[in-house]
Amino acid sequence: MNSSARYPMVSYEQATPEVQEIYDDTKKTLQLPFVLNWFKCQGSNPTILRGNWSKLKNTLMEGEVPNVLKQLIIYNVSKQRGCNYCSHAHGIFADSMSAMISEDKGFKATENIDSPSMPASFRTAVKIVTHAALNHSEVSDEDFRELEKAGFSQREVQELMAQADLVNMLNTIADVSGIKIDNELLETPE
């Protein structure tokens with residue numbers, strides 16, 4: 001058990017068969033050989049774990065908006081909010097997909113989030129959805145028009161705005177649970 005975690009950290013071996021099934025789905029879907037601490041801290045409550053995994057899986061892994069853009073949004077909001085777990089983890093995931101944005105050797109999406117090498121539509125989406133996540137009551141019709149002008153369909157705009165909700169859930173669970181970044185992620189090669 002992680003001594004600083006506020007919830008029990010349920011390893012795969014300690015998990016009930018029901019939780020192991022969810023863990024297996026997270027590993028398969030995220031293409032990871034291990035269970036993330038974000039899931040382990042929910043492993044003692046299969047109802048919460050199943051619901052949060054379903055939301056994460058459908059909002060982040062499904063849809064028309066490229067996953068790399070979704071990861072960048074979660075990284076950026078988490079970094080601005082100071083959620084170390086989520087900014088670190090989603091930064092690694094976004095950077096692992098950097099080749100989808102640029103073929104330049106050494107290009108890292110997280111280091112170029114505001115640069116001209118980042119597609120203008122991505123920069124617009126990161127800016128507006130970050131604002132929506134941090135200040136949801138200030139979102140305006142102009143924000144929606146700006147996303148549409150950047151080339152996003154109404155369906156994609158809705159999907160992008162769902163990332164604002166998702167990142168708030170991710171950050172809240174990570175921060176209130178007291179989890180630390182996974183050792184396996186810290187060992188991820190550059």
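Me: Why is R50 called partly exposed?
Reply: R50 has 38% relative accessibility; since buried means under 20% relative accessible area and exposed over 50%, with partly exposed in between (1.4 Å probe, protein chains only), R50 counts as partly exposed. This is a predicted model, in which local features need pLDDT of at least 70 and side-chain atom pairs count only at pLDDT 80 or more, while totals for chains, interfaces and linings use all residues. Residues are numbered from 1 along each chain as its sequence is written, and side-chain values use heavy atoms, without hydrogens and water.

Me: What makes E18 and R50 a salt bridge?
Reply: The closest N and O atoms of E18 and R50 are 2.0 Å apart; the definition asks for a side-chain nitrogen of Lys or Arg within 4 Å of a carboxyl oxygen of Asp or Glu, so the pair forms a salt bridge. E18 lies in helix 1 and R50 in helix 3, 32 residues apart. Helices here are DSSP runs (H or I, at least four residues), numbered from the N terminus.

Me: What links E146 and K127?
Reply: Their side chains meet in a salt bridge, at 2.8 Å from N to O. E146 belongs to helix 7 and K127 to helix 6, so the bridge ties together parts that are 19 residues apart in sequence.

Me: Why are helix 6 and helix 8 called oblique to each other?
Reply: Helix 6 and helix 8 pack at an angle of about 50°. Angles under 35 degrees count as roughly parallel, over 145 as roughly antiparallel, 65 to 115 as roughly perpendicular and the rest as oblique; the two helices are therefore oblique.

Conventions: Axes are lines fitted to C-alpha atoms, for helices over the stretch in contact, and angles run from 0 to 180 degrees between N-to-C directions.
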